[in-house]
Amino acid sequence: MTSQSQGIQQLLQAEKRAKDKLEEAKKRKGKRLKQAKEEAIAEIDRYRLQREKEFRHKQTNVMGSHGNLSAKIEEQTTETIGNLTSSYHKNMESMMKKLLNTIYDINPEIHPNFRYEV
């Protein structure tokens, strides 16, 4: 009987050790999953930062060229407006004279199709 109770005791101890090992393995698995999740989040953050940096760099290159282009267009527009203004001031007087002469110099004539009947 003692050998039987001793065998039972050994089985109970072995079961307890297996249970402890199983709990320890579950804890290690939980820690590893948490660590893997943290590593994945850190890697995602690094990748996101890298891609955002590349995007900002490309955006700066593209927008920089757009900025130069808009400055050139603005300069050309200002130059064109200046040319038109100077042309207006230079030709305004002569055009006003021509327009007024056309309006004031009226030569009344009888229309060629008019028939005078008595």
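Colleague: Which residues make the nonpolar surface patch of about 720 Å²?

Modeller: This is a predicted model, in which local features need pLDDT of at least 70 and side-chain atom pairs count only at pLDDT 80 or more, while totals for chains, interfaces and linings use all residues. Residues are numbered from 1 along each chain as its sequence is written, and side-chain values use heavy atoms, with hydrogens and water left out. A patch takes residues with over 30% relative accessible area and no salt bridge, joining like charges within 9 Å and nonpolar side chains (Val, Leu, Ile, Met, Phe, Trp, Tyr) within 5 Å, with areas from the Shrake-Rupley method using a 1.4 Å probe and, for residues, only the protein chains shown as cover. The patch of about 720 Å² is made by Y88, M92, M96, L99, L100, I103 and Y104.

Colleague: Where does I103 lie, and is I103 buried or exposed, or in between?

Modeller: Helices (H or I, at least four residues) and strands (E, at least two) are DSSP runs numbered from the N terminus, and I103 lies in helix α1, residues 2-104. Buried means under 20% relative accessible area and exposed means over 50%, with partly exposed in between, for a 1.4 Å probe and protein chains only. Because its relative accessibility is 48%, I103 counts as partly exposed.

Colleague: What radius of gyration does the chain have?

Modeller: The chain has one helix and zero strands, and its C-alpha atoms fill a box of roughly 160 × 45 × 15 Å along the principal axes. The radius of gyration is taken over C-alpha atoms, and the globule rule is 2.2 Å times the number of residues to the power 0.38. For a compact globule of 118 residues the radius would be near 13 Å, but for the chain it is 49 Å.

Colleague: What share of the residues in the chain is buried?

Modeller: The accessible surface of the chain comes to about 12,200 Å², and 58% of that surface belongs to carbon and sulfur atoms. Of the 118 residues in the chain, the share that is buried is 0%.

Colleague: How many salt bridges does the structure hold?

Modeller: Side chains of opposite charge can pair when their charged atoms come close. The chain has 23 positive and 17 negative side chains, where Lys and Arg count as positive and Asp and Glu as negative, leaving out His and the chain ends. A salt bridge needs a side-chain nitrogen of Lys or Arg within 4 Å of a carboxyl oxygen of Asp or Glu. By that rule, the number of salt bridges in the structure is five.

Colleague: How far apart are the closest N and O atoms of R48 and D45?

Modeller: Both residues lie in helix α1, three residues apart, about one turn of the helix. R48 is partly exposed at 45% relative accessibility, and D45 is partly exposed as well, at 34%. In their salt bridge, the closest N and O atoms are separated by 3.3 Å.

Methods: Charge placed at Lys NZ, Arg CZ, Asp CG, Glu CD.
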